Amino acid sequence: MLRPKLPAMPQPTGRLTPPAVVVQPTTITPAAPVPPPAPLAPASVPSRPMVQLTPGTAVALVGGGTAVVLVVGAVLVSMLLAVAVTATSVAVCAVVLRSLLSQERKH
């Protein structure tokens, strides 16, 4: 079996210098106690109405989502088709140029 060779850890070369900044420990003094916050008022009723889905709005949302998916799909397919048509036309041009150049060499 093949066994990989592990490289040895190289030792540092050159001059090693100690760090320039030395951190000195400091003492921690406790701060004055902070009074507890005042109690909050009870939660009020939200000012905006809740959204309710009826069967009609659900159908409209599904229809809108479907329309978006179809439009995005059509755009992507048309872009792919444009790339394919361009590639085909470039290939045809290359074949025509190649045949023209080869005919000049024969004459």
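1. Start with the nonpolar surface patch: Val-68, Val-71, Val-72, Val-75, Leu-76 and Met-79 make one of about 550 Å². Patch members need over 30% relative accessible area and no salt bridge, with nonpolar side chains (Val, Leu, Ile, Met, Phe, Trp, Tyr) joined within 5 Å and like charges within 9 Å. A salt bridge here is a side-chain nitrogen of Lys or Arg within 4 Å of a carboxyl oxygen of Asp or Glu.

2. This is a predicted model: local features need pLDDT of at least 70, side-chain atom pairs need 80 or more, and totals for chains, interfaces and linings use all residues. Numbering runs from 1 along each chain as its sequence is written, and side-chain values use heavy atoms, leaving out hydrogens and water.

3. The chain has one helix and zero strands (DSSP runs: H or I of at least four residues, E of at least two, numbered from the N terminus).

4. Buried residues make up 0% of the 107 (buried is under 20% relative accessible area, exposed over 50%, partly exposed in between; 1.4 Å probe, protein chains only). Leu-76 is exposed at 52%, while Thr-88, at 49%, counts as partly exposed.

Conventions:
Areas by Shrake-Rupley, 256 points an atom, 1.4 Å probe, with all protein chains shown as cover.
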